[in-house]
Amino acid sequence: MSRIVKHPAIALLDSGITFKEVRQIHAKLYVDGTLKDDHLVGHFVKAVALSDHKYLDYANQILDRSEKPTLFALNSMIRAHCKSPVPEKSFDFYRRILSSGNDLKPDNYTVNFLVQACTGLRMRETGLQVHGMTIRRGFDNDPHVQTGLISLYAELGCLDSCHKVFNSIPCPDFVCRTAMVTACARCGDVVFARKLFEGMPERDPIAWNAMISGYAQVGESREALNVFHLMQLEGVKVNGVAMISVLSACTQLGALDQGRWAHSYIERNKIKITVRLATTLVDLYAKCGDMEKAMEVFWGMEEKNVYTWSSALNGLAMNGFGEKCLELFSLMKQDGVTPNAVTFVSVLRGCSVVGFVDEGQRHFDSMRNEFGIEPQLEHYGCLVDLYARAGRLEDAVSIIQQMPMKPHAAVWSSLLHASRMYKNLELGVLASKKMLELETANHGAYVLLSNIYADSNDWDNVSHVRQSMKSKGVRKQPGCSVMEVNGEVHEFFVGDKSHPKYTQIDAVWKDISRRLRLAGYKADTTPVMFDIDEEEKEDALCLHSEKAAIAFGIMSLKEDVPIRIVKNLRVCGDCHQVSMMISKIFNREIIVRDRNRFHHFKDGHCSCNGFW
DNA sequence: ATAGGGTTAG
């Protein structure tokens, strides 16, 4: 048997390479006879196939010219396809192995890549078949395969199966345990994930990252940051991947100071700023309301991908800079970056916040016509919102009637909000009824419906709505505001008195109320009627969570520091008005991120111009 | 000659 020496030209293919170069190398190898050796063809096929998904078809052509493809070459094709956009093609090459008669037999590599292909496909049946096959062929004791199966079942959402596989392994190594930590966290059992993590005899940086991202992905951002601190205490080396999860936790919390600290940590420790990491930074600053900094990072990036552009576009739309969002979208296209379905959600929202109906419609149409993207439910939702906000309620209704899929509650919710804003009782009633058909327990729909009736002084119906709400036992998701002061995250719940400085907050709020009343403020009582429980209403000190947060901000932050609040629900009309007034009376900038967008309150105005 | 666990946008 001859020794296999890799051709130097093949080594060139390891890094990013243009198609032209691939062809040149191919020609060279053909001419010098290298491709007569099937083993070397295997090398070449692997190098081409793995260097870029775009070259997969070409790699296949090379393979087809091979007299007898080697198992290595076919495995390489399976491997390259299983992480491509078309994992199903992996099975074509598996069939080629099987149809080669006795010449070739699937080995542990083959099954491992097939398991990964199933993971990419997220197809239960296929996954189960491949699992059965690994057992039949006796590869279910292979640690790589076992770990792959755990990841597969996690992707399928079958936590039970993950446990079965995991429990069948007598002594799982730390790679396998890490996969299991991720599997549990993704499938919703973050408590067990933590238990496994704590029980690991050996934890490398990847295991730590799995735990941090596990918490970040289920929204337990504070615990994610806690684990990150533990990681540092233990002296584990932190890398860029961990920092992505850390930044993402800060983003969720709206913890700008901690996010800034993480950013400087990255720079201090010379952690390589990849496109992904920088994109996360753009998202961090955008979602913490510091759009200037977000764009500074964005423009500073040498390489940007569709995620990067989409983050920036989303940030601009969320922060109310609709026109800038649309300008940036043009630049994106000029730059040759192809927008995808996610990008269009941000673009359509950008149009929405500035009321550019026609332009929004044009972009919507361009999805299919120019980019071949079939608009999804979300896009129709944006379109309805676009027309509804602009007051074109009838157009919004006709879109809902004509959309090719069943409208979801959010679509009706857009119409409902707009109906109230434009005082269209009839449509408001229709929208809330439709909304409640879809989500019987939607507190917001009841509140808005009752507000609509209250607006038109229809008190019979107000009490009717109220009763049906009670009889159905609808409970409000408790309002919660989060605010960071001196790098510490404070949480405020509606009517909650547990904050250590509650007494002081209460006193400050009383002072604020007094000055608001002096300035002519009258409480908007309609939302109050339904936004709070009986018990709370009797309590003179009841505050929506953002009011408590604002009071705490005023007493804890210097005057020139903006008060930044993240809220889990939409801001109510009363809080919105109060925030505008406080921004003027106290000369404070208040930045509230609610469920959907930002409100930048300054000098008595809000960036949303009353549309939210 | 090849393989398993962690990461970004709605």
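Of the 50 residues around DNA strand B (a heavy atom within 4 Å of it), those that come nearest are Asn-209, Gln-217, Asn-239, Lys-287 and Arg-349. Sugar and phosphate make up 36% of the atoms of DNA strand B that come within 4 Å of the protein. The model is predicted: local features need pLDDT of at least 70 and side-chain atom pairs pLDDT 80 or more, while totals for chains, interfaces and linings use all residues. Residues are numbered from 1 along each chain as its sequence is written, chains are lettered from A in the order in which they are written, and side-chain values use heavy atoms, with hydrogens and water left out.

**DNA strand B**
- By class, the surface near DNA strand B has 15 nonpolar, 23 polar and twelve charged residues (Asp, Glu, Lys and Arg count as charged; Ala, Val, Leu, Ile, Met, Phe, Trp, Tyr, Cys and Pro as nonpolar; the others, Gly among them, as polar).
- For the side chain of Arg-276, the distance from an N or O atom to a base nitrogen is 3.1 Å.
- The Lys-83 side chain has an N or O atom 3.3 Å from a phosphate oxygen.

**Strand β3**
- Four of the five residues of strand β3 (residues 563-567) are buried (under 20% relative accessible area, 1.4 Å probe, protein chains only).
- Strand β1 (residues 480-485) pairs with β3 in the antiparallel sense over three bridges, and Ser-481 stands opposite Lys-567.
- Strand β4 (residues 590-593) and β3 pair in the parallel sense over four bridges (pairing needs at least two DSSP bridges).

How values were computed:
Buried < 20%, exposed > 50% of the residue type's maximum accessible area, 1.4 Å probe, protein only. Helix = DSSP H or I, 4+ residues; strand = E, 2+ residues; numbered from the N terminus. Polar contact = N/O pair within 3.5 Å; in protein donor to acceptor, adjacent residues only side chain to side chain.
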